[in-house]
Amino acid sequence: MKYKSSSLKNKWTKTKWLLEQPRLRKHVPRTMLFNRKNLQSMLSAHRMIYFKPADGSGGAKIIRIKRLASRYRIQYKTKKSYYLTLDALHQKLQRFAGSRSFLLQKGIRLARTNGKPFDIRVMVQKTNRGNWVSSAIFTKIGERNKVTTNYNQGGAIGYFNETMAGAGYDTLKIQQLEQQLKQLGVAVGNNFEHHVEGFRELGLDVAIGPKGKPWILEVNTSPRFYPLKHMADKKLYQRIIFYAKQYGRYS
Ligand SMILES: Nc1ncnc2c1ncn2[C@@H]1O[C@H](COP(=O)(O)OP(=O)(O)OP(=O)(O)O)[C@@H](O)[C@H]1O
Ligand SMILES: [Mg+2]
């Protein structure tokens with residue numbers, strides 16, 4: 001049986017919600033709907049952008065675009081190809097998109113842990129008492145040669161403290177970042193329920209930029225956490241389940 005929590009696929013709608021609130025807006029990389037004009041404007045402002053389906057794809061169908069000195073380079077999974085003009089690039093992306101709606105988002109150079117890029121999942125859940133809690137934070141560690149960190153694209157799940165230590169953070173910095181991420185999670189929970197009723201769980205995908213700033217890449221409304229089941233430390237999984245049971249989700 002389906003448990004009770006609202007869900008919303010459209011990333012463009014969800015991104016616009018975040019952009020409305022100054023406190024959250026500063027943590028959202030510039031995002032636009034894909035079309036030729038926006039492609040041109042994003043590429044003149046940013047060296048690297050991400051091209052992704054507006055309705056999500058579990059990390060599939062995501063292309064990274066880089067502006068080089070005299071051409072554009074795109075990378076899809078591990079495959080790179082080159083385009084000499086914006087028109088040629090646009091045509092390629094348009095064919096790739098078909099009739100599906102896509103977004104362009106400023107690329108964040110992901111922080112690395114022991115040489116591998118990673119991002120962070122902040123799990124946020126609403127209790128029966130009606131308050132939001134950031135119940136678990138873990139990391140998704142990508143492969144060096146890929147453009148996404150998703151679990152089903154070969155990403156590995158990591159512990160927050162370990163991953164951050166591997167990225168050169170000391171204990172104090174790690175604690176501060178954890179607090180900041182938890183607050184961000186609660187703020188996003190409040191923001192979302194202001195727009196649509198009935199959300200009980202959200203999963204923020206947060207990238208850590210070169211200067212240590214958290215950037216919200218997307219907010220999942222039906223976040224998966226089954227990979228946590230297989231971790232040696234079961235605490236994260238158990239904490240999530242503790243809150244999930246309150247809205248009828250058991251795994
Ligand atoms: N703007 C960006 N800068 C850097 N990396 C990005 C950016 N957007 C996406 N990525 C990488 O791609 C991964 C997947 O992107 P995202 O979470 O937006 O889509 P998704 O997981 O396919 O969507 P959904 O979960 O809705 O199916 C991120 O976890 C991150 O590793
Ligand atoms: Mg994601």
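**Notebook: strands, ligand shell and domains**

Helices (H or I, at least four residues) and strands (E, at least two) are DSSP runs, numbered from the N terminus. Strands pair if DSSP finds at least two bridges between them. The model is predicted, so I kept its limits in mind: local features need pLDDT of at least 70, side-chain atom pairs count only at pLDDT 80 or more, and totals for chains, interfaces and linings use all residues. Residues are numbered from 1 along each chain as its sequence is written, while chains are lettered from A and ligands numbered from 1 in the order in which they are written.

**Around β11**

I looked up a bridge between the two strands and found Ile208 partnered with Pro214 in β12. The hairpin has 5 residues between its strands, and Gly212 takes a positive phi near 85°. I then turned to β8 (residues 116-126), which runs antiparallel to β11 and is joined to β11 by 7 bridges. There, Val122 has Leu204 of β11 as its bridge partner. I checked burial next: 7 of the 8 residues of β11 are buried. Buried here means 20 or more other C-beta atoms within 10 Å of a residue's own; exposed means 12 or fewer, and partly exposed lies in between, with C-beta atoms placed from the backbone.

**Ligand 1**

Which residues come nearest to ligand 1? Of the 23 around it, I noted Gly56, Ile108, Thr148, Thr149 and Glu218. Near means that the C-beta atom, placed from the backbone, lies within 6 Å. β12 gives the most, with 3 residues. By class I read 7 nonpolar, 11 polar and 5 charged. Ala, Val, Leu, Ile, Met, Phe, Trp, Tyr, Cys and Pro count as nonpolar, Asp, Glu, Lys and Arg as charged, and the others, Gly among them, as polar.

**Domains**

I looked up the domain assignment: domain 1 (11-16 + 110-247) and domain 2 (31-106). The bounds come from an automatic or database assignment. The contact takes 10 residues from domain 1 and 13 residues from domain 2. Contact means C-beta atoms, placed from the backbone, within 7 Å. On the side of domain 1 that touches domain 2, I found 2 nonpolar, 6 polar and 2 charged residues. The domain centres, taken over C-alpha atoms, are separated by 25 Å. Both domains give residues to the shell around ligand 1, so the ligand lies between them.

**Helix α1**

In α1 (residues 11-19), I found Lys11, Lys14, Thr15 and Leu18 buried. They cover an arc of only 100° around the axis, which puts them on the same side of α1. The arc is that of the directions from the helix axis to the C-beta atoms. Their cover includes α6 (171-195) and β12.

**Loop residues**

I checked Arg47, in the loop between α3 (36-45) and β2. Arg47 counts as exposed because it has 12 C-beta neighbours inside 10 Å. Leaving out residues up to four places away in sequence, Arg47 touches Lys66 and Arg67. The C-alpha atoms of Arg47 and Lys66 are separated by 5.7 Å.

I ended on Lys61, in the loop between β2 and β3 (63-67). Its phi is positive, near 65°. Lys61 is partly exposed, with 18 other C-beta atoms within 10 Å.

Key:
Two residues are in contact if their C-beta atoms, placed from the backbone, lie within 7 Å.
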